[in-house]
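Subject: The structure I promised you

Hi,

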Amino acid sequence: MANTLINVSNRLPVTVEGDKITKSSGGLVAALEGLPEDQYKTKWIGWPGAAFPEEGRRLEVARQLEEEHGCVPVFLSQEEATAFYEGFSNSSIWPLLHYLPNYLRYEPAWWVHYQNVNRIFAEKVLENAHQEDMVWVHDYQLMLLPAMLRAAAPTLRIGFFLHTPFPAYEIFRCHPRRRELVAGMLGANRIGFHAFGYLRHFCSTVQRLLGIETDLTHIRTEGYDSALGVYPIGINAPKFEETLDSEEFQQRREEFRLAHENKRLVVSVERMDYTKGILHRLEAIDNFLAGSDKIDAIRFVFVSVPSREGIEEYQHLVEEVESRVGQLNGKYATLLNSPIHFIHGSIPFVDLCALYALADIALVTPLIDGMNLVAKEFIACQRENAGLLILSEFAGAAEELFNALLVNPYDSAAVAGTLNEALALSTEQKRNRILPMRERVMRYDARHWARSFINDLMSGPTSDPRTVETDIREAREQIENALATGKPIALFLDYDGTLREIELDPRAATPNPAVESLLRQLGQQPKVDITIISGRSQEDLGAFLGDHPFRLIAEHGASLRPPGKKEWERLDRNINYAWKEELLAILRIYEQATPGSAIEEKHSSIVWHYRRAEEEFGAWKANQLTEELTALTANHPIKVRHGKKMVEVTAAENNKGAAVARVLDQLGHYELALCAGDDQTDESMFELTRPRLVTVKIGVGTTQARFRVSDPAAFRNFLGKEFRSCRSSGVAE
Ligand code: GDG
């Protein structure tokens with residue numbers, strides 16, 4: 001049975017005109033049409049592009065879209081569409097994603113609509129999605145959708161792809177809703193970008209806004225894991241090949257050739273958008289024409305598709321571009337030529353191909369662009385001719401199109417210079433440039449892009465809480481069977497992050513009423529031997545838990561306080577800590593250089609905490625420190641560990657696993673031993689090869705433990721149920 005791929009984008013890939021609905025043919029449609037049908041059925045959810053206020057008409061359009069095009073419409077009122085699309089999406093997020101904070105406008109009402117519309121989309125997706133389906137959410141208009149879906153359907157497989165750049169944190173932080181937006185994206189199981197630079201900026205932004213450290217491959221949030229990847233989008237290659245083979249194409253190309261006879265053609269195609277660098281390009285053309293003695297022999301063709309015409313900045317842009325084109329044509333026109341041929345409109349696909357094929361040069365100079373498909377489309381159409389691509393180094397495509405002439409679009413003199421250089425190249429030189437790029441563009445096309453994203457999304461793990469539940473039920477059974485025997489059971493429980501939620505300030509993590517009540521309950525179990533085993537100092541453990549009849553193990557096994565006693569025994573008598581002084585001096589250098597960080601000295605270890613340092617700087621310094629300490633201690637029995645917002649140096653002999661083994665040996669027979677913990681230091685317990693061991697990991701991350709629960713509250717709940725006071729007889733209900 002084929003999975004359904006539910007593709008969610010702001011606009012449906014259709015145009016509704018009167019009673020006629022036609023499918024549009026953008027890259028996304030092509031990409032998804034190319035998926036193997038036996039593997040995936042596709043369904044689209046999106047806005048049909050117009051408000052249909054009348055209920056009857058909505059029903060009719062919905063029926064037609066579903067039956068004829070596999071599309072499910074999300075109807076929006078005019079007000080919703082304007083505030084969500086023109087307002088929040090295109091006047092607020094779009095400029096920031098493209099490094100233009102001066103264009104950022106924000107109105108609180110837009111934010112309300114943006115959330116509402118994302119919610120309407122979420123409802124529509126949930127109505128249509130089944131458990132085994134995949135949902136692929138596209139672009140900046142729907143940044144909140146992944147988290148909304150995740151909250152409502154935790155087991156759904158959700159992908160998110162951003163078609164624009166993701167800017168540096170310094171830019172993104174300008175947005176009044178910056179945190180909510182990135183948190184929304186993190187609901188996805190996989191997040192894709194066109195280029196690695198965007199992914200890197202996203203990670204840095206998440207780290208600095210939400211305090212979550214990432215390794216550039218995954219972002220782990222409470223209970224969930226978003227994988228990250230780079231997937232440069234491609235063009236609909238077969239469609240271009242097919243068009244180039246058509247008679248209509250040959251005909252149109254011939255007509256254009258005659259119309260532009262004896263001219264070198266330079267084409268630029270884009271939506272009329274301020275990110276596309278149109279005004280800067282006109283500046284460069286001015287520069288070029290001013291130095292040219294062959295104005296009659298060159299023609300610049302601009303195809304600028306009207307875009308976002310309701311937005312003021314776009315209206316100004318049209319006015320400015322039109323006036324500048326007029327001015328330049330006035331300045332440079334001769335009796336034989338008007339150098340800029342400007343079309344403010346859209347042309348048919350076959351004409352576009354003919355124009356690309358005929359052009360000597362494509363001048364593609366966005367100020368910034370997620371990818372830029374025009375550059376790739378131009379190359380695709382250079383099957384017989386050898387045209388040249390002049391490409392902005394700020395387009396995502398520049399990373400792939402290695403043989404283009406790259407330019408800085410802000411440097412109009414340099415762009416003019418590159419134009420001259422390009423016009424002087426021989427056919428062979430041009431062919432050597434274009435052919436290898438064409439091979440790449442035709443091979444790594446839109447289908448390849450979609451398949452690689454979807455395959456990765458499918459092969460990654462889902463955040464499936466059912467697995468956790470099933471697992472833990474098995475653990476429950478084992479505990480209940482053990483309790484029924486009436487024989488002793490041993491519990492080894494870590495404290496911070498296991499029994500108690502972590503606090504920004506570790507001193508604040510005292511047992512709260514929920515923890516206290518559980519501990520009292522556990523303390524009443526006669527056949528249950530309880531050890532609290534922690535990295536904390538003796539003093540902390542004594543102060544937090546000293547009144548309970550438990551065994552306490554401090555500093556990862558360095559010292560132990562037997563149940564009911566006040567004195568601590570050192571378990572690390574044979575360990576030499578002479579290294580501490582020397583390494584402390586290094587930690588002090590880091591403490592001084594990293595505002596907000598602090599050193600904690602314990603008997604058996606030293607710890608550098610950076611919880612209060614600037615997020616990214618703290619993590620960066622921590623990596624440096626870990627590296628330096630690891631190199632220094634390589635030949636010594638010393639362990640350096642980069643944990644949660646801290647770097648810890650301990651004697652390698654001290655570890656929780658060894659301490660647990662020691663206690664178990666002393667206890668003699670036990671029917672079952674349960675070890676629970678949340679971080680790396682607890683893994684030594686999970687790795688023990690003792691019989692009848694039940695190991696539980698709290699929270700996300702790789703582990704050797706057999707069972708997992710999501711957080712301390714869930715773990716407390718689990719323990720509370722298993723060790724109810726009425727079981728103190730040791731007999732299961
Ligand atoms: C966003 C990102 C990213 C243009 N004029 C005509 C026409 N077009 C078609 C082109 C091309 C498409 O429009 C434009 O795509 P781009 O990729 O160049 O730019 P955006 O619209 O800004 O797209 C961008 C893209 O998403 C995909 O992820 O590359 O960075 O900003 O396909 O051919 N098509 C026809 N007539 C025209 O007059 N038929």
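When I say that residues meet or are in contact, I mean heavy atoms within 4.5 Å. Helices (H or I, at least four residues) and strands (E, at least two) are DSSP runs, numbered from the N terminus.

Two bits of housekeeping. This is a predicted model, where local features need pLDDT of at least 70 and side-chain atom pairs count only at pLDDT 80 or more, while totals for chains, interfaces and linings use all residues. Residues are numbered from 1 along each chain as its sequence is written, and side-chain values use heavy atoms, with hydrogens and water left out.

**The ligand**

The ligand has 21 residues around it, and His 163, Ile 347, Asp 369, Leu 373 and Glu 377 are the closest. Being near here means having a heavy atom within 4 Å of the molecule. Sorted by class, this shell holds 12 nonpolar, five polar and four charged residues.

Which backbone atom sits 2.6 Å from a nitrogen atom of the ligand? That is a polar one of Ile 347. On its own the ligand exposes 730 Å², of which the protein buries 81% (Shrake-Rupley method, 1.4 Å probe).

**Helix pairs**

Axes are lines fitted to C-alpha atoms, for helices over the stretch in contact, and angles run from 0 to 180 degrees between N-to-C directions.

α13 turns up again here: helix α9 (residues 237-245) packs on α13 at about 80°, with the axes 10 Å apart. That makes the two roughly perpendicular (65 to 115 degrees; under 35 is roughly parallel, over 145 roughly antiparallel, and the rest oblique). Lys 239, Phe 240, Thr 243 and Leu 244 of α9 meet Phe 349, Val 350 and Cys 353 of α13.

Helices α11 (residues 278-290) and α12 (residues 312-332) cross at roughly 5°, their axes coming within 10 Å, so α11 is roughly parallel to α12. Among the residues that meet are Leu 282 and Leu 289 in α11 and Val 321 and Leu 328 in α12. This contact has 10 nonpolar, no polar and five charged residues.

Cheers

Key
A polar contact is a pair of N or O atoms within 3.5 Å; within protein, one must be able to donate a hydrogen and the other to accept it, and residues adjacent in sequence count only if both atoms are side-chain atoms. Ala, Val, Leu, Ile, Met, Phe, Trp, Tyr, Cys and Pro count as nonpolar, Asp, Glu, Lys and Arg as charged, and the others, Gly among them, as polar.
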